[in-house]
Amino acid sequence: MKPKYKILISLAAVLLWMGIIFWFSSQNGEQSGAMSRTITDWLLSLFGSAPDSPFADILHLCVRKGGHFTEYLILSVLLMNLFRRMGRPTLSCLILAVLISFLYAGSDELHQYFIGGRHMSAVDVGIDTCGAALGSVLYCLISRIGGKITWIRSINVSPEDATKS
């Protein structure tokens, strides 16, 4: 039997992150733009570029789209964790995590349609889904590497160490 409290904590993390995504999407165009502009200006200061340089507009676009990508990468990792804790097979977890992320991205874009200064974008849904796909694949790779490391460590345990545990 799977520890139910771990499943509930994983579910709570997914729902909390979905709430954070919803909160970001609830900001009007001016608030959203100001937030991404603050990040852009900080990055420009690191590069020593002026906020009115041509590079600034490109960087601002990358910050905005990178935010979409990252939000859904994190969502898919949380979903993968939830489904793995529920005991689902890896491929099933991957498909479900990307599918749910895609559907949530679509509903998120629909939500933005009703927010002043915001609009729906199929491109953003695509960016979100790419982030989700990468997050799910990274989760699988890291889990596989972590499993091999654990297995290698169990092989290299000396008899003295084994009796101590």
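Reader: Start with α1 and α4: what's the handedness of the crossing there?
Author: In this predicted model, α1 passes α4 in a right-handed crossing. A crossing is called right-handed if the near helix is turned clockwise from the far one by less than a right angle, and left-handed if anticlockwise. Helices here are DSSP runs of H or I with at least four residues, strands are E runs of at least two, and both are numbered from the N terminus.

Reader: Before we go on, what should I know about numbering and confidence?
Author: Residues are numbered from 1 along each chain as its sequence is written, and side-chain values use heavy atoms, with hydrogens and water left out. Since this is a predicted model, local features need pLDDT of at least 70 and side-chain atom pairs count only at pLDDT 80 or more, while totals for chains, interfaces and linings use all residues.

Reader: Ok. What angle do α1 and α4 cross at?
Author: Roughly 25°, with the axes coming within 9 Å. That makes α1 roughly parallel to α4. Axes are lines fitted to C-alpha atoms, for helices over the stretch in contact, and angles run from 0 to 180 degrees between N-to-C directions. Under 35 degrees counts as roughly parallel, over 145 as roughly antiparallel, 65 to 115 as roughly perpendicular, and the rest as oblique.

Reader: Which residues meet there?
Author: From α1 you have M18, G19, I21, F22, S25 and S26, and they meet I100, Y104, D108, H111 and Q112 of α4. By class, that contact has five nonpolar, five polar and one charged residues. Contact means heavy atoms within 4.5 Å. For the classes, Ala, Val, Leu, Ile, Met, Phe, Trp, Tyr, Cys and Pro count as nonpolar, Asp, Glu, Lys and Arg as charged, and the others, Gly among them, as polar.

Reader: And α1 against α3, parallel or antiparallel?
Author: Their axes come within 9 Å and cross at roughly 160°. That makes α1 roughly antiparallel to α3. The crossing of α1 past α3 is left-handed.

Reader: Who's touching whom?
Author: On the α1 side it's K6, I7, S10, L11, A13, V14, W17, M18, I21 and F24. They meet E71, Y72, I74, L75, L78, L79, N81, L82 and R85 in α3. That contact divides into 14 nonpolar, two polar and three charged residues.

Reader: Which bits of α1 are buried, then?
Author: S10, V14, W17, M18, I21 and S25. Buried means under 20% relative accessible area, exposed is over 50%, and partly exposed lies in between, using a 1.4 Å probe on protein chains only. What covers those residues includes α3 (54-85) and α4 (90-113).

Reader: How far apart are the ends of α1?
Author: The end C-alpha atoms of α1 are 33 Å apart, which agrees with the 33 Å its 23 residues should span. The expected span is 1.5 Å times one less than the number of residues. For α3, 32 residues should span 46 Å and the ends are 47 Å apart, so that agrees too.

Reader: What comes just after α3?
Author: G87, which takes a positive phi of about 90°.

Reader: Switching topic: what's A97 up to?
Author: A97 is in helix α4. A97 counts as buried because its relative accessibility is 0%. Leaving aside neighbours within four places in sequence, A97 is in contact with S76, L79, M80, F83 and S136. The C-alpha atoms of A97 and S76 are 5.2 Å apart, although 21 residues separate them along the chain.

Reader: What about I127, where does that sit?
Author: I127 is in helix α5 (residues 122-155). Beyond its neighbours within four places in sequence, I127 is in contact with K65, H68 and F69.

Reader: Last one: how many helices and strands in total?
Author: Six helices and zero strands in the protein chain. Of its 165 residues, 32% count as buried.
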